[in-house]
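Open your viewer and have the selection panel ready. We will go from one chain as a whole to the place where two chains meet.

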Amino acid sequence: MINQNGVMMMSEMDDKIFAEKLMKTLPTMAVPSALEARILADFDRLAARRQGGLMHFVEGWAERLWPGAPLWQPASVLALSLVIGLMAGVFVPSFNSASTTVTNSDQTLVADSTSVMDLYKDL
Amino acid sequence: MAAGMVIDPDTDLVVRVGKGDRAAAQALMARHLPAMLALARRMLSGQAEAEDCVQEAFLKVWTHAARWQPGKAKFETWLYRVTLNQCYDRLRKRPAEPLEAAADVPDSADAPDRGLEVADLSKEVGAALQALPERQRAAVVLCHFQERGNAEAAELLGISVEALESLLARGRRTLRMKLSHLRADD
């Protein structure tokens, strides 16, 4: 005995089988070679545009420095190096001993030249 | 493999396409173009429009391939969604056709000759398919014309399996009502 739900299920199954038969009547289509050529021409055009771009230049150098890595890895290492370098420049005290030595030498030179001048003063 | 990673047979090709590998682009196109074109052809009914649709879809592939993140989603799913969205956009831009012109199906009572030529039959079925609402049409084409499973078709359409089955049931029912005179030949 087929109840209402059973009848509905049978109907849906019939619809499914019927739809499958209908779809089989639709022809399959070959892909036109002109379409393939157009799609690849789009690819070639975009590739050529990228070849001359700044991003391609940057990616090329990143590939040489760090082969196989995504661009963000060498970029972040370079950025970190730059930050460390700047912080070192700001916070590491400059070494003034060399300049004071130069000053002392200057003073010595002045003192020596004064003594030399003194020699001639009495002439 | 990390949890949640998707196994995708297209990953290698897509990555190579992103690096400008023409051979990879050609292989990717050969792999997916026939099915994409068939889907677009059945959604849009015009060959030229279907070709434009798939060409636009592949243009998006070439543009976005360099940024493709492997493992997050299947490339084929993304590609089919792009194709379907292109189809939906074109369908929505079309002026609304009068219902009588959408599917010129002869009344079963008036059809004198049940032995239709194959070409006429496919034309009639194609017209009835075109008359379906776009989402029902997509569901029927994916499941019956491209023979995809329900789960796969639901994923391509971005809906639940239950929603897909509802679309299929309604689409099949409409086809049965429109083409019941063909059914009498079984």
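Here is the tour, stop by stop.

This is a predicted model, where local features need pLDDT of at least 70 and side-chain atom pairs count only at pLDDT 80 or more, while totals for chains, interfaces and linings use all residues. Residues are numbered from 1 along each chain as its sequence is written, chains are lettered from A and ligands numbered from 1 in the order in which they are written, and side-chain values use heavy atoms, with hydrogens and water left out.

Start by selecting chain B and colouring by secondary structure: you will find 10 helices and 0 strands (helices are DSSP runs of H or I with at least four residues, strands runs of E with at least two, numbered from the N terminus). Of its 186 residues, 45% count as buried, meaning under 20% relative accessible area with a 1.4 Å probe, protein chains only.

The contact (heavy atoms within 4.5 Å) takes 37 residues from chain B and 28 residues from chain A.

Now zoom in on B:Arg176 and A:Asp15. Their side chains form a salt bridge at 2.7 Å, N to O (a side-chain nitrogen of Lys or Arg within 4 Å of a carboxyl oxygen of Asp or Glu). The rule finds 3 salt bridges across this interface.

Finally, select the helices of chain B that give two or more residues to the side touching chain A, among them H3 (47-64) and H9 (161-178). H2(B) brings the largest share, 10 residues.

Notes:
Buried means under 20% relative accessible area, exposed over 50%, partly exposed in between (1.4 Å probe, protein chains only).
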